[in-house]
Amino acid sequence: MTIVQTATGPTQTMVLNMGPQHPSTHGVLRVVLELDGETVVRADSDIGYLHTGIEKTAEALTYSQAITITDRIDYLAPLSNNLAYCLAVEKLLGIEVPKRAQYIRVLLTELTRIGSHLVWLGTHAIDLGAMSVFLYCFREREELLKLFEMVSGQRMMTSYFRIGGLALEPPVGWMDGIEKIVQAFPARFDEYEDLLTQNRIWQSRTRGVGILSAADAIALGVSGPSLRGSGVDYDVRKYFPYSSYEEFDFQVPVRAEGDCYARYMCRVAEMRESLKIVRQAMGKVPPEGPIRADAPGIVAPQRERMKTEMEALIYHFKIYTEGFAPPPGEVYQRIESPRGELGCYIASDGSPKPYRMKIRAPSFVNLQALPKLIEGRLIADAIACIGTLDIVLGEIDR
Amino acid sequence: MTETPDSANAPIVARLRAWRPHAIADVQSFRGELTLYIPRTEIRRVGEFLAREPDLSFAYLSDITAVDRFPLEPRFDLNYHVLSIPRREALRLRVLLPGVSPGVESVVPVWPTANWHEREIFDLFGVHFEGHPDLRRLLMPENWEGHPLRKDYPVEGFR
């Protein structure tokens, strides 16, 4: 409680608890707000309600087993987490993933980016009162989830990537599903923009709200569209390309204003760029070819060979019982997840289980910027600002 | 020393040694990533130099990660992943800490984003950050005892 000087004399501030159970905190986030009337004087986030010890658990699993828990970190972009982890382990092992698998990874990761931004847009809009947008976004997302189920067997927690490539050969006809998506989605994105971009209510709720300067964003380690909305063009896909992203032609949307509207424009433009990448990936994926690296002690042999050749059977047995052990050493692999720089740091001690797996979660770091966005503004703006940061508590708390 | 001629000749190493000879204790290169071992007492100064020198601009701190090597000594490694956006260059700074009273100077004045990273490491590993503006637990409840990510803390917890 502090004393604030107002025009009519000193008054006391009020401490209000927002969350952890709240429809607009996008997860179990608790923000302790100190208010002077409706103005936020101080905001302090209290996190940890979704902490499940993912990093500790990973130390008890083999490298292959740990893929399944990575899905649950940023649960709106499971394939991104899979990718960051698999790339980190592949870097540690020094193995090369075949191009076909790399292009398929890019394709699916970009579809995941679209799916994640659809959830962001739907929930952000509904928080600010635009309820139809929510249903439209989830209608599109349903098509993406059906596609993920067709390819991996799972709508969300796909665990589709493996150390060395992909889990399964994509089913015959999967490209038809993607073709439908690529044809239909641009018009749907136009629909959302029709509802929001020039809408006076949307603009007055987001323009000039939650301004983050470029200097503050860099100092606070913000990444992703939250950083690019403030004028800094850092995108890991361009700065440190991975999984053949350097072969794709796409733009990275950047805006200078640094407000909620700028971040909204960046993410909508990103969805369109992702469709472009998907379209290019569809052309690049060869119809046939290996989906996993040629690394006998690490990648299990094809089932037909395992059933007929003794060496293949022995490799299969050893991989699934003992696991494979990378050399001792540490790597840090960064990727551009829908929320920003997703980093996976793995320390190996030469055993088949990761000695330490640290996930650098973009939402964890971006949430630190929340006080900068909302202090001095109204409670209603706090809702807009939490939404604009696009946080997922699963990766904040791990 | 794991230094090789290649890693020792990296321009950033030469630059740092020219500025302050004992800033770097060791250099390692693995899988294309450069790791500079910085003495515990130098990390704040080295951080300031890297972040504020106009042609270096390592002003972006991606992450600080701690690793517990129990029962080996030095017990903890702290890994600072820094990035220079203008130079498109990434670097890892590593500080080794002892198991008894592990502590290091906070780098929050250099990279404000370190605030939560250091709180998380304090919470889960028990490393103390001197000069941190608000060093308290972040993920675990405030009255929790013990540091869960330490190797002598069981994965299933204490019942």
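Student: How many bridges join strand β2 to strand β5 in chain B, and do they run parallel or antiparallel?
Tutor: This is a predicted model, and in it 3 bridges join β2 (residues 33-37) to β5 (residues 89-97) of chain B, with the two strands running parallel.

Student: Which residue stands opposite B:Thr35 there?
Tutor: That's B:Arg92, in β5(B).

Student: And what about β4 and β5 of chain B, parallel or antiparallel?
Tutor: Antiparallel, with 9 bridges joining β4(B), residues 76-84, to β5(B). To pick out one pair, B:Leu83 stands opposite B:Ala90.

Student: How many residues sit between the strands in that hairpin?
Tutor: There are 4 residues between β4(B) and β5(B), and in this hairpin B:Arg88 takes a positive phi near 50°.

Student: OK, zooming out. How many helices and strands does chain B have?
Tutor: Chain B comes to 4 helices and 7 strands. Starting at the N terminus, the order is α-α-β-β-α-β-β-β-β-α-β.

Student: How much of chain B is buried?
Tutor: 40% of its 159 residues count as buried. As for contacts in chain B with a separation of 6 or more, 49% come from residues 24 or more positions apart.

Student: Now the two chains together. How many residues of chain B are in contact with chain A?
Tutor: 27 residues of chain B, and they meet 35 residues of chain A. The elements of chain B giving two or more residues to that side are β3 (60-68), β4, β5 and α4 (114-125).

Student: Which one gives the most?
Tutor: β3(B), with 6 residues. By type, the side of chain B that touches chain A has 16 nonpolar, 6 polar and 5 charged residues.

Student: Switching to chain A: why is helix α4 said to be largely enclosed?
Tutor: Because 25 of the 29 residues of α4(A) are buried, the rest of the structure largely encloses this helix.

Student: What span should α4(A) have?
Tutor: At 1.5 Å a residue, α4(A), residues 99-127, should span 42 Å, and its end C-alpha atoms are 42 Å apart, which agrees.

Student: What comes just after α4(A)?
Tutor: A:Gly129 does, with a positive phi of about 105°.

Technical notes
Residues numbered from 1 in each chain as written. Chains lettered and ligands numbered in written order. Predicted model: local features only at pLDDT ≥ 70, side-chain atom pairs only at ≥ 80, totals over all residues. Expected span 1.5 Å × (residues − 1). Buried ≥ 20, exposed ≤ 12 C-beta atoms within 10 Å, placed from the backbone. Pairing = 2+ DSSP bridges. Contact = placed C-beta atoms within 7 Å. Nonpolar A, V, L, I, M, F, W, Y, C, P; charged D, E, K, R; others polar.
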